Amino acid sequence: MVHYPCPLLPCLARTIYAMMGTMFIQQGSLMDNRVALPGTSVSLRIPAATMALFNTGAIILLVPLYDTFFEPALKRCGVQWTLLRRIGEPGRGGALGGRYGSWSCSGRCRGRRPT
């Protein structure tokens, strides 16, 4: 196990967060970004630069849901988290989600050549 000095961890997190915006724009420019409106023949094109808003929008929506529903449910079950644990536990969920995404993509992409 590698132990990183504590002052370097925020730098790593900020670097990854800054890279996400660039990656969203690159990913959005490569994907089919047309969205069809249900029941009509109208389709809208979402600009690639707006892909970075999905991350910000998810955080803005999920933090109040976490504080309103998840945290009180844990308290009703008798779980009392320290502040440090409250900060770290969502990171574990993100790591598990990333691991699942990697696993599901490797199953789909196996045997294909990159173009």
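**Rings and a pocket**

Modeller: This is a predicted model. The structure holds one aromatic pair.

Colleague: How far apart are the ring centres of Tyr-66 and Phe-70, and at what angle are the planes?

Modeller: The centres of the Tyr-66 and Phe-70 rings are 5.3 Å apart, and the planes sit at 35°. That makes the pair tilted, since stacked needs under 30 degrees and edge-to-face over 60.

Colleague: New topic. What's the volume of the largest pocket?

Modeller: About 1,200 Å³. It is lined by 22 residues, and Ile-59, Ile-87, Pro-90, Gly-91 and Gly-94 are the closest to its centre.

Colleague: Which helices each supply at least two residues of that lining?

Modeller: α1 (8–30), α2 (52–76) and α3 (83–109) do.

Colleague: How does the lining of the largest pocket split by class?

Modeller: There are 15 nonpolar residues, four polar and three charged.

Colleague: Back to single residues. Which helix holds Tyr-17?

Modeller: Tyr-17 belongs to helix α1. Its relative accessible area is 38%, so Tyr-17 is partly exposed.

Colleague: What is Tyr-17 in contact with, leaving aside neighbours within four places in sequence?

Modeller: On that basis, Tyr-17 contacts Asn-55 and Thr-56.

Conventions. Residues are numbered from 1 along each chain as its sequence is written. This is a predicted model: local features need pLDDT of at least 70, side-chain atom pairs count only at pLDDT 80 or more; totals for chains, interfaces and linings use all residues. Side-chain values use heavy atoms; hydrogens and water are left out. On a 1 Å grid over the protein atoms alone, a cavity is a set of points where a 1.4 Å probe fits but cannot get out, and a pocket is an open set with protein on both sides within 12 Å along at least five of seven lines; lining residues have an atom within 4 Å of a point. Grid points are joined across faces, edges and corners, and a volume is the space filled by probe spheres set on the points. Helices (H or I, at least four residues) and strands (E, at least two) are DSSP runs, numbered from the N terminus. Ala, Val, Leu, Ile, Met, Phe, Trp, Tyr, Cys and Pro count as nonpolar, Asp, Glu, Lys and Arg as charged, and the others, Gly among them, as polar. Buried means under 20% relative accessible area, exposed over 50%, partly exposed in between (1.4 Å probe, protein chains only). Contact means heavy atoms within 4.5 Å. Rings of Phe, Tyr and Trp (its six-membered ring) pair if their centres lie within 6.5 Å; planes under 30 degrees apart count as stacked, over 60 as edge-to-face and the rest as tilted.
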